[in-house]
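User: I would like to learn how to read the main features of a protein model. Please take me through them one at a time.

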Amino acid sequence: PKLPSRLMLDFADISEEIAFFSHFTKRLDQVGLIDQGGGIKGEEGLKVKRFLNRLLGLPIDEQEVLFAYFVNVMDNTKQDMQRKGTLDRGIVKMDVKASIVDSERVHLDPQTKSGVFRKTVCCDSGKAWDDVLGQYKELMEWHSGVHGVTQHSAFYVSSMHYTLDGERVPKIKLVTVIPNENANDTNAWNVKVREIYPSGKFSRTSSLQDSVAKKQQNTGQLLWCKVDIAEAGEIWNRWYTYLDDKCSHGDNCKRFKIQEKCESGTRKSKLHILTGGLLPFWRRLRELSSISEDAGRDCCGTVGRTKKRKRRREHLDVVRVVTEDGEPIVGVQAVSKDQMDYFVKHLAIPPGTKEDVLLKKRGSAYYNNNNSNTPDINEK
């Protein structure tokens, strides 16, 4: 974010970045948030409510700029933690249509009679036209007149066409400007946007320019262009129906022709969830997750990675999904069926046994040895 233009006159001889931090350090000091050392006062114990209340003492345009800055810092911190594998997302709610296709008890505690279950859940994340159109209209109504939101939020179709059941159809997406994250941005191409597709998948780009202003190198033609609501509805429904059981590459998918399977961009996917009495096995699951992630494709087949990972995951993925019958499922998500098989196979290894010692000592190398669960009696 940049300082409001009215303030830049006071910082004509220095860079925008230095001007930004110089001005807002003084502002935060004025509202009692800066200590003698120049840091945030009581940073570790500073409550969000108190921090936001103090910001209310600033002029409105400065509040917007400072809030946008902290949102950017939080997003960058989150992305950095994701790259390092240190982000604990807590329980992630899966907002999808779900149904259980398989359920099996894999362990029963003899004392508590508490069971551990593996469940395979079919999820449909597709975004029907009526839903996405309603979302678009609500955005237009809520933010009517807000700089950039109604002007740039629209449906866009690609210049490239794909064959869907023999018919040539362009790809389509809804691009929406993210409110409250574009304060004081006078360049329209720099506004942040979110992209939503018929498959229900969405992505967040750094700018409107990255989303819709790119051109083909050979022709100079825009890759995406706006389309009216009527045409958008027809194209959206074509893709929504097609992606029910096919991939986003269309009829000419090379992967499907070779492997007879491709799930890229499809509406439906399967979640592999371990649920039930998991607390006694939590430490073991973290160990197994790290081992299988480190082993990459070599660990019991494929665990959803094409290369060996360069980092160990420090947290398990805990998800919550509610089926169409109203049944809530909370548990640890495996990245693939193969990893779930791996979890189940080695979940209840008793602590202190030969297998447990070898697991901790050699990790994936032990279990990758001939893909066998049998301990090496010569291991010392």
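User: How many helices and strands does the secondary structure of the chain come to?

Analyst: A reading may begin with the secondary structure. This is a predicted model, and its chain comes to 13 helices and 11 strands.

User: What percentage of the residues of the chain count as buried, and what area does the chain expose?

Analyst: Burial is judged residue by residue, with under 20% relative accessible area as the cut-off. Here 39% of the 380 residues count as buried. The chain exposes about 22,500 Å², and carbon and sulfur atoms supply 50% of that area.

User: Is His 272 buried or exposed?

Analyst: The relative accessible area is compared with the cut-off: buried means under 20%. His 272 has a value of 11%, so this residue is buried. His 272 belongs to strand β9, which covers residues 268–276.

User: Which residues does His 272 touch, not counting residues up to four places away in sequence?

Analyst: With those sequence neighbours set aside, His 272 touches Lys 119 and Thr 120, together with Val 332, Gln 333, Ala 334, Ser 336, Lys 337 and Met 340.

User: At what angle do the axes of helix α5 and helix α8 cross?

Analyst: For a helix pair, one reads the angle, then the handedness, then the residues that meet. The axes of α5 (residues 129–142) and α8 (residues 229–242) come within 10 Å and cross at roughly 145°. Their crossing is right-handed.

User: Which residues of α5 and α8 meet, and how do they divide by class?

Analyst: From α5, Trp 129, Val 132, Leu 133 and Tyr 136 meet Ile 229, Ala 232, Gly 233, Trp 236 and Asn 237 of α8. By class, this contact has seven nonpolar residues, two polar ones and no charged ones.

Terms used
Residues are numbered from 1 along each chain as its sequence is written. This is a predicted model: local features need pLDDT of at least 70, side-chain atom pairs count only at pLDDT 80 or more; totals for chains, interfaces and linings use all residues. Side-chain values use heavy atoms; hydrogens and water are left out. Helices (H or I, at least four residues) and strands (E, at least two) are DSSP runs, numbered from the N terminus. Buried means under 20% relative accessible area, exposed over 50%, partly exposed in between (1.4 Å probe, protein chains only). Accessible areas come from the Shrake-Rupley method with a 1.4 Å probe; for residues, only the protein chains shown count as cover. Contact means heavy atoms within 4.5 Å. Axes are lines fitted to C-alpha atoms, for helices over the stretch in contact, and angles run from 0 to 180 degrees between N-to-C directions. A crossing is left-handed if the near helix is turned anticlockwise from the far one by less than a right angle, and right-handed if clockwise. Ala, Val, Leu, Ile, Met, Phe, Trp, Tyr, Cys and Pro count as nonpolar, Asp, Glu, Lys and Arg as charged, and the others, Gly among them, as polar.
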